[in-house]
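Here is a short report on one chain.

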Amino acid sequence: MTVPRYSYAVHVLREDDSAVAQVPIEVDWEPAREWMRFLALRRGHAPAEAFALDSAIEPLWHAERGAPYLAGFRARVAADGSAELWHDFKTGYFAAPARAVSARLVAEGTLREGDRIRCLPVAFPRDVEPASAAPTVRLNARPAAPSMPVHAGALGDLLGRSVAHGRAQDGDDTPLFVPRTVLDEAGALAGAAEAKETGGILVGHLHRDAAVAQVFAEVTAQIPATHAEADRARLSFTAQVWTDVRAALALRDRGEIMLGWWHSHPVREWCKDCPEEKRPDCALAADFFSEHDRALHRTVFPRAYSVALVVNDVALDAPTFSLFGWRSGLIAPRGFHVLEPDRPEAACTGVSNAAATARTDHVR
Amino acid sequence: MQSHDSQGIGLLEVSDVSGQKGMTVSDVPTEASVGELVEQLLAEMQLTREDVSGRPLTYHARLEREGRHLHGSERVGDALQTGDRLVLQPNIDAGGGR
């Protein structure tokens, strides 16, 4: 597949459309590629094949402004003998580098704090690949298929034994099922940590329901990060944490994989000096995911099915739970399903079919 | 840049900490340091190399055969054998920004 390569930049404009600067950006394409791999997995590709796929990325030009202004970009994958699969990503994908550019312009004095600006992503064809630094060590390296079993499963069965929690799920989200016991354990650990953050790793299984072309994740347990270093606003996952978790997975010997992670926000500590009436509406009390949280998720859990659960240890009430996950290459707050131990099973096939039809991937 | 001999470790299996990404590596120069090897593996596996402040993330290479974290200054030829499995484990922070 021959696709022209592009250089990307952010065009910064003031409110009156006067130009401030055009600043080159390095775009992290890996989350978009991971999203495409997951779409391929969802469409029935074997895990070893899906997770090895690369994507061709091409700009989508803005309908009114035209090139070089972007309306987004399209990523395409084509596995041997399969239909081409593509997905259109919106300009929100460039929000993080655009924020970095505006912060830099403020730091340089080109902009002042509080200036109202617009950041428009742009792309320009380039003929020559930028030179990269020569490697210190030359490696003959090949991607290896991860050990990522995907079990056959019926989405309707789990939907029938669970209740929806939090935000309505987007059609593109990977359905996620979390046992009530896991939430209870995480909530108890968060409470026991008192003023400090705490956390752990969510382990479980991936399933594919071929009838609705959907892959879904089932958490089976949480493994506490007992060697994490914590204070009231920081939780360090040290190398020893990962060693412990891998050892626990080996001991459990249930074929579980790391589906994501959880950590607590000791909101009662953060908000202890706030007026009581303001606490329920505090932005820190729900669906708060910091830049450090995002960086950890991008670094350790880049696969599109990976999730991050936040336990909000709020004052005056039981802990609340927020979930974050990948959606079209971006980390977004989302909903999930709580598996209740005593919930009678009910038929929910219609729900799963509706979720499948709400997705935004395409094949031809 | 240092130069390394062409005779290397035959084959290594490398994975990220979650087991979500893996790589097989052959002909690793024996004279390279573990730190140099890890640096190049991070690039090959497209793993994040900086924290949100732009500071380099610290990764440890855990050698499964010996159940220990290798030191960056160790020589590949001394520490590794063909068939070894390495896990790249970051020290990384959640939270902050409040």
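The text below goes from chain totals to single residues.

**Basis.** This is a predicted model, in which local features need pLDDT of at least 70, side-chain atom pairs count only at pLDDT 80 or more, and totals for chains, interfaces and linings use all residues. Residues are numbered from 1 along each chain as its sequence is written, chains are lettered from A and ligands numbered from 1 in the order in which they are written, and side-chain values use heavy atoms, with hydrogens and water left out.

**Chain totals.** Chain A holds 9 helices and 20 strands. Helices (H or I, at least four residues) and strands (E, at least two) are DSSP runs, numbered from the N terminus. Chain A has 364 residues, and 51% of them count as buried. Buried means under 20% relative accessible area, exposed over 50%, partly exposed in between (1.4 Å probe, protein chains only). The accessible surface of chain A is about 16,800 Å², with 51% from carbon and sulfur atoms. Such areas come from the Shrake-Rupley method with a 1.4 Å probe; for residues, only the protein chains shown count as cover. Of the contacts (heavy atoms within 4.5 Å) between residues at least 6 apart in sequence, 69% join residues at least 24 apart.

**Backbone geometry.** Most residues other than glycine have a negative phi, and most peptide bonds are trans.

| Residue | Phi |
|---|---|
| A:Glu194 | about 55° |
| A:Ser328 | about 50° |

A:Glu194 sits in the loop between helix H5 (180-192) and strand E11 (199-209). A:Glu194 counts as exposed because its relative accessibility is 57%. A:Ser328 is in the loop between strand E17 (320-327) and strand E18 (330-334).

The peptide bond between A:Ala67 and A:Pro68 is cis, with omega about 5°. A:Pro68 belongs to the loop between strand E3 (56-61) and strand E4 (70-77).
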